[in-house]
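Hi,

Here is the structure I promised to pass on. Have a look at it first, and then read my notes below.

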Amino acid sequence: MAKKIIGSLKLQVKAGQANPSPPVGPALGQRGLNIMAFVKEFNAKTADITPGTPTPVIITYYQDKSFSLELKTAPASFMLKQAAGLPPVGKRNRAKGSAKPGREVAGKVSVAQIRAIAEAKMKDLNANSIEAAMQIILGSAKSCGIEVKG
């Protein structure tokens with residue numbers, strides 16, 4: 001007999017750097033889930049990803065307090081900023097886009113880089129073709145203030 005699903009939650013945790021401190025601990029603790037089991041399993045599953053890469057994860061938890069993890073690809077904005085070569089800044093070590101997208105250019109990427117990002121994110125995007133996925137990534141680039149060069 002299949003386990004009964006109680007619910008699911010979405011978190012974004014840096015690859016290989018999950019720990020029981022917020023936001024992971026409180027989010028899992030209030031649902032009665034084993035925090036250390038999540039930390040160990042998440043860090044093991046993200047061992048092959050570059051450490052520090054923000055990794056969205058969907059946690060489905062069951063009636064017997066067990067859970068399953070579904071990892072997603074890094075956010076498009078993170079991949080775009082990395083491709084544009086924007087230096088990491090700030091307390092959270094995040095690259096910043098333009099303060100005024102559309103008026104100021106924070107960085108530049110090529111169409112080939114857009115295609116590579118679209119191919120990497122294809123399974124997580126709501127697109128039927130690589131061209132449609134590229135349009136989604138182009139929109140993200142525009143909102144970050146990243147210019148696309150032909």
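Before anything else, a word on exposure: a residue counts as buried under 20% relative accessible area, exposed over 50%, and partly exposed in between, using a 1.4 Å probe and protein chains only. You'll meet those words all the way through.

Keep in mind that this is a predicted model: local features need pLDDT of at least 70, side-chain atom pairs count only at pLDDT 80 or more, and totals for chains, interfaces and linings use all residues. Residues are numbered from 1 along each chain as its sequence is written, and side-chain values use heavy atoms, with hydrogens and water left out.

**The overall picture**

The chain has 150 residues, and 37% of them count as buried. Its C-alpha atoms fill a box of roughly 55 × 40 × 25 Å along the principal axes. The secondary structure comes to 5 helices and 7 strands; these are DSSP runs numbered from the N terminus, with helices being H or I of at least four residues and strands E of at least two. Going along the sequence, you read β-α-α-β-β-α-β-β-β-α-α-β. Among contacts (heavy atoms within 4.5 Å) with a separation of 6 or more, 61% are between residues 24 or more positions apart.

UniProt, in an unreviewed entry, lists residues 9-67 as "domain: Large ribosomal subunit protein uL11 N-terminal". UniProt positions are in the numbering used here, feature names are shortened, and annotations may be inferred rather than shown by experiment. Over residues 9-67 the chain is 29% helix and 27% strand, with the end C-alpha atoms 11 Å apart.

**Salt bridges**

How many salt bridges does a search of the whole structure find? There are 7, taking a salt bridge as a side-chain nitrogen of Lys or Arg within 4 Å of a carboxyl oxygen of Asp or Glu.

Start at K72, whose side chain meets that of E70 in a salt bridge (3.1 Å, N to O). E70 is partly exposed at 41% relative accessibility, and K72 is partly exposed too, at 26%. K72 also forms a salt bridge with D124 (4.0 Å, N to O). D124 has a relative accessible area of 26%, so it counts as partly exposed. Taken together, E70, K72 and D124 are linked in a network of salt bridges.

Elsewhere, R115 and E119 meet in a salt bridge (3.9 Å, N to O). These two residues are about one helical turn apart because they lie 4 residues from each other in helix α4. R115 is partly exposed at 33% relative accessibility, and E119 is partly exposed at 48%.

Is T53 buried or exposed? At 10% relative accessibility, T53 counts as buried. You'll find T53 in the loop between α2 (35-45) and β2 (54-62). Its side chain reaches the backbone oxygen of T50 at 2.8 Å. Setting aside neighbours within four places in sequence, T53 is in contact with V13, K14, A15, A74 and F78.

The largest share of the lining, 3 residues, comes from α3. The buried residues of α3 are A76, M79, L80, K81 and A84.

Just after α3, G85 takes a positive phi of about 75°. K65 has a positive phi as well, about 70°, although K65 is not a glycine. K65 lies in the loop between β2 and β3 and is partly exposed, with a relative accessible area of 42%. Finally, look at the peptide bond from P22 to P23, which is cis with omega near 5°. P23 belongs to the loop between β1 (5-14) and α1 (24-29).

Cheers

Conventions:
Polar contact = N/O pair within 3.5 Å; in protein donor to acceptor, adjacent residues only side chain to side chain.
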